[in-house]
Amino acid sequence: MTAPESLSLAQARRVALAAQGFADPAPGGVPTRRHLRRVLDRVGLIQMDSVNVLQRAHYLPLYSRLGPYPTALLDTAAYRRPRELFEYWGHEASLVPVGLHAALRWRMARAHSESWGGMRRIAQEQPELVAWVRDEVAARGPLTAAEIEHDAPRETGNWGWNWSSVKRALEYLFWAGEVSAAERTTSFARRYDLPERVLPAAALDAPTPTDAEAHRTLVAIAARSLGVAAEPELRDYFRLPVAGARQAIAELAEAGELLPVTVAGWRQPAWLHAEARLPRWVRGNTLVSPFDPLVWERNRTERLFDFTYRIEIYVPAPQRVHGYYVLPFLQGERFTARVDLKADRKAGTLLVPAAWVEPGAEPGETAIALAAELYRLAGWLGLDSVAPPAAGDLAGPLAAALVGVAGVR
């Protein structure tokens, strides 16, 4: 697109959605590795989370962009040779392209000072245990923490999430890049192994960049994936230090990869990626995960979409406004609804504890589009039916729309 000096809010929304892959054509059949790579090229990395009330978080961004796809596609890319992804701290716990291993070594090198408290303390106070755990992984890996704990020296105390000392040692080693995730068990526990037995040799052999070079690489990916963003969002994408991110932004701007732009209604200066696209429209209806990179930075989500969004998993039930695991519904280029969902796998039913319509959205039209999407999601999850909503101001229209969709299936 020709570099503009300013963008309307609607233009900024379309730039952002296109950058994230929501304007790409849908796969013509069953999605393939080519489609997976296209999504990864758009989003840069995929966040992981252990909550499984609906579906594991890392599977959902691909669903939102590709529709129903075989989850084995992502599993194979992450946990089978030749691996294209590896687990590491990108934006929180993430699946990251193996080509970014070198660009994240600055974080690995700072494990002793920047990893979380329990990890740091065990590295500082029990280095002999950390060394023993690494030796166990080297001799017997891949192993889960539980498999190592059986033979571990007796505990000297617990702190932080009630992790055992072995688990904390493993997580420190993981942060430091001395062990990697070989795979996940059915209960979502990591199996740890040495990086040289997990990652492609080309990734490990790549030269280590300077911190400034690494930060520039990561900010460039964030900028491409966001399309248009303010400094805090470019920094947040890979959780970069303030000074490093600012230097990277300045260098990318000088190189012409980032262009200064004003966005209507934004107080902060914005940056437009030089290769950003501005589609004439964005079509399609899809649910978006709470851990989707489109909505990671909640302030940006509010500025772009006039959509205030908070995940309420950790909010006590009586204080929740919308529900436990609430997904926004993206209809075209607007969020028109939000819906609390739960997969009842024993009953084969997608439960809808609550459904809410957004201000300005037409309830009837929104309900019809959302009902079709809920049945599409249920089918992908292997569920046979969708239960009527139990609460929310969209419950009535959505219940009626679900009956209509079920009747033509």
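Visitor: Which strands does helix H16 lie across, and at what angle does H16 run to E10?

Guide: Helix H16 (residues 363-380) lies across E10, strand E11 (326-331), strand E12 (334-344), E13 and E14, and runs at about 60° to E10. Helices (H or I, at least four residues) and strands (E, at least two) are DSSP runs numbered from the N terminus. Contact means heavy atoms within 4.5 Å. Axes are lines fitted to C-alpha atoms, for helices over the stretch in contact, and angles run from 0 to 180 degrees between N-to-C directions.

Visitor: Before we go on, what kind of model is this?

Guide: This is a predicted model, where local features need pLDDT of at least 70 and side-chain atom pairs count only at pLDDT 80 or more, while totals for chains, interfaces and linings use all residues. Residues are numbered from 1 along each chain as its sequence is written, and side-chain values use heavy atoms, with hydrogens and water left out.

Visitor: Thanks. Back to that sheet: what's the strand order?

Guide: The order is E10-E11-E12-E13-E14, in an open sheet of five strands with mixed pairing. Two strands pair if DSSP finds at least two bridges between them. Strand E10 (285-287) and strand E14 (385-386) are at the edges with a single partner strand each, so one side of each has no neighbour in the sheet.

Visitor: Do E13 and E14 run parallel or antiparallel?

Guide: Parallel: two bridges join strand E13 (residues 349-357) to E14. Leucine 350 stands opposite valine 386 in E14.

Visitor: On phi, then, what's up with arginine 239?

Guide: Arginine 239 has a positive phi of about 55°, although it is not a glycine. You'll find arginine 239 in the loop between helix H13 (231-236) and helix H14 (242-254).

Visitor: And the turn between E8 and E9, how many residues are there?

Guide: Six residues lie between E8 and E9 in that hairpin, and glycine 265 in the turn has a positive phi of about 90°. Strand E8 (residues 258-263) is joined to E9 by four bridges in the antiparallel sense, with valine 261 opposite alanine 270. Strand E7 (residues 228-230) also pairs with strand E9 (residues 270-273), antiparallel over three bridges. There, valine 228 has leucine 272 as its bridge partner.

Visitor: Switching to helix packing: how do H7 and H8 cross?

Guide: The axes of helix H7 (residues 117-125) and H8 come within 5 Å and cross at roughly 100°. That makes H7 roughly perpendicular to H8; angles under 35 degrees count as roughly parallel, over 145 as roughly antiparallel, 65 to 115 as roughly perpendicular and the rest as oblique.

Visitor: Which residues meet there?

Guide: Ile122, Ala123, Gln124 and Glu125 in H7 meet Pro127, Glu128, Leu129 and Val130 in H8. The contact has five nonpolar, one polar and two charged residues. Ala, Val, Leu, Ile, Met, Phe, Trp, Tyr, Cys and Pro count as nonpolar, Asp, Glu, Lys and Arg as charged, and the others, Gly among them, as polar.

Visitor: And what's the angle between H1 and H15?

Guide: Helix H1 (residues 9-19) and helix H15 (residues 298-305) pack at about 130°, with axes 9 Å apart. H1 and H15 are therefore oblique to each other.

Visitor: Last one: how many helices and strands does the protein have?

Guide: The protein has 17 helices and 14 strands.
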